[in-house]
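Welcome! Please take a look at the model below, and then we will walk through it together.

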Amino acid sequence: MSPSEGNAKRRSITLHMVSSLDGFIAKKDNSVSWLESTGSVYEAGVSISEEEARAFVKAIDCYVLGSRTYEHALELGWPYGDTPAVVVTAREWPPARKSVEFYSGDLKTLVDVKLAPRYRNIWLVGGAMLCQRFLEVGLVDEIKLTIAPVLLGEGLRLFAGSLTEKRWNLNNVVAYKNGFVELSYSAPPA
Ligand SMILES: NC(=O)c1ccc[n+]([C@@H]2O[C@H](COP(=O)([O-])OP(=O)(O)OC[C@H]3O[C@@H](n4cnc5c(N)ncnc54)[C@H](OP(=O)(O)O)[C@@H]3O)[C@@H](O)[C@H]2O)c1
């Protein structure tokens, strides 16, 4: 096994998105109030403490995002702290935060050459277009899909393009007190 194959095996890419009940990940006007919790609505659900949430986020080694998600994240207030983040774009960008780098080119090269030797727990956090590309080329190991308890009616579709049929393995389901449900799937063997 070559070193790059060894690294490629150790890394794990988790695609994480939040979708509405009707399969949208963003509203047309990009407003995000639909993602906010409206309090405890499901008594049997779980909740996580701030400490648990911090520990969870700390275990993420690197974020990968498309340029439109990057622009929106900057507008909202950068949510990824000092954790390394790679923005996929073919455009030139002004220098950004120290933790952010820009990448243009083949996605398999991005993963095998740039990410896998440095990071293990890699999170692909949107948007729809970049996630679609990662899925098309078989670079996603796990899908974590959080379903928000809301119908949006219109907006940007999750996985809108043409993906080929593939059955994923359900690994875990977590229902939260606030009515959000997180579904975790692992990729079928290649
Ligand atoms: N609900 C959620 O969980 C969630 C999560 C993330 C984002 N969002 C929302 O989704 C929206 C953005 O999603 P989106 O689908 O419009 O855009 P996106 O995937 O964030 O970004 C698309 C851009 O990424 C770059 N890109 C994608 N694939 C590439 C490739 N193979 N090579 C080079 N560059 C590539 C291109 O940038 P250039 O044009 O710069 O070359 C492309 O225009 C925002 O509204 C955001 O708030 C929602």
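Let us start with L124, which touches I13, T14, L15, V64, C131, F134 and V140, leaving aside residues up to four places away in sequence; contact means C-beta atoms, placed from the backbone, within 7 Å. This is a predicted model, where local features need pLDDT of at least 70 and side-chain atom pairs count only at pLDDT 80 or more, while totals for chains, interfaces and linings use all residues. Residues are numbered from 1 along each chain as its sequence is written.

L124 also belongs to the largest nonpolar core, which has 31 residues; C62, Y63, V64, L65, I122 and L124 touch the most other members. Such a core is a set of buried Ala, Val, Leu, Ile, Met, Phe, Trp, Tyr and Cys residues joined through C-beta atoms within 7 Å, buried meaning 20 or more other C-beta atoms within 10 Å of a residue's own.

Next comes the open sheet, whose eight strands follow the order β5-β4-β3-β6-β1-β7-β10-β9 with mixed pairing. Strands are DSSP runs of E, at least two residues, and helices are runs of H or I, at least four; two strands pair if DSSP finds at least two bridges between them. β5 and β9 stand at the edges, each with a single partner strand, so one side of each has no neighbour in the sheet.

| Element | Residues |
|---|---|
| β1 | 12-19 |
| β2 | 24-26 |
| α3 | 67-76 |
| α5 | 128-136 |

Terms used:
A residue is buried if 20 or more other C-beta atoms lie within 10 Å of its own, exposed if 12 or fewer, and partly exposed in between; C-beta atoms are placed from the backbone. Two residues are in contact if their C-beta atoms, placed from the backbone, lie within 7 Å.
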